[in-house]
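I set down here what I looked up in this entry, in the order in which I consulted it.

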Amino acid sequence: MNHAELLEAVGKRAGLPAAEAATLVGATLTTSAEQISGGAARDLDTQLSEPGYCGGSP
């Protein structure tokens, strides 16, 4: 699943437009990254988001 697919899935399930889904995904990934190890956060950042959501390099 890439970033666009993730936003589409979240938006569809939540009944929200993509922009609002992007805000929710960003907040969720950022909060999750604060609770897990750096390596795992980077892995999530690489797989599910645009660079930088989990503190990775833009």
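I began with the length of helix 2: its 18 residues, at 1.5 Å a residue, should span 26 Å, and the end C-alpha atoms are 26 Å apart, so expectation and model agree. The expected span takes 1.5 Å times one less than the number of residues. I note that the model is predicted.

I then asked which residues of helix 2 are buried. I found A21, A22, V25, G26, L29 and A33. These residues cover an arc of only 135° around the axis, and therefore lie on the same side of helix 2. I also looked at the other side of helix 2, where T23, E34 and Q35 are exposed.

Next I looked up the largest nonpolar core. I recorded five residues in it: L6, L7, A22, V25 and L29. At least two residues of this core come from each of helix 1 (3-14) and helix 2 (18-35). Helix 2 gives the most, with three residues. I note that A22, V25 and L29 are also listed among the buried residues of helix 2.

I turned last to the protein as a whole. I counted three helices and zero strands, in the order α-α-α along the sequence. Of the 58 residues, 26% are buried. I took the accessible surface as about 3,800 Å², with 55% of it belonging to carbon and sulfur atoms. For contacts between residues at least 6 apart in sequence, I noted that 35% join residues at least 24 apart.

Conventions
Residues numbered from 1 in each chain as written. Predicted model: local features only at pLDDT ≥ 70, side-chain atom pairs only at ≥ 80, totals over all residues. Heavy atoms only, no water. Helix = DSSP H or I, 4+ residues; strand = E, 2+ residues; numbered from the N terminus. Buried < 20%, exposed > 50% of the residue type's maximum accessible area, 1.4 Å probe, protein only. Contact = heavy atoms within 4.5 Å. Areas by Shrake-Rupley, 256 points an atom, 1.4 Å probe, with all protein chains shown as cover. Core = buried A, V, L, I, M, F, W, Y, C linked by side-chain atoms within 4.5 Å. Arc of directions from axis to C-beta.
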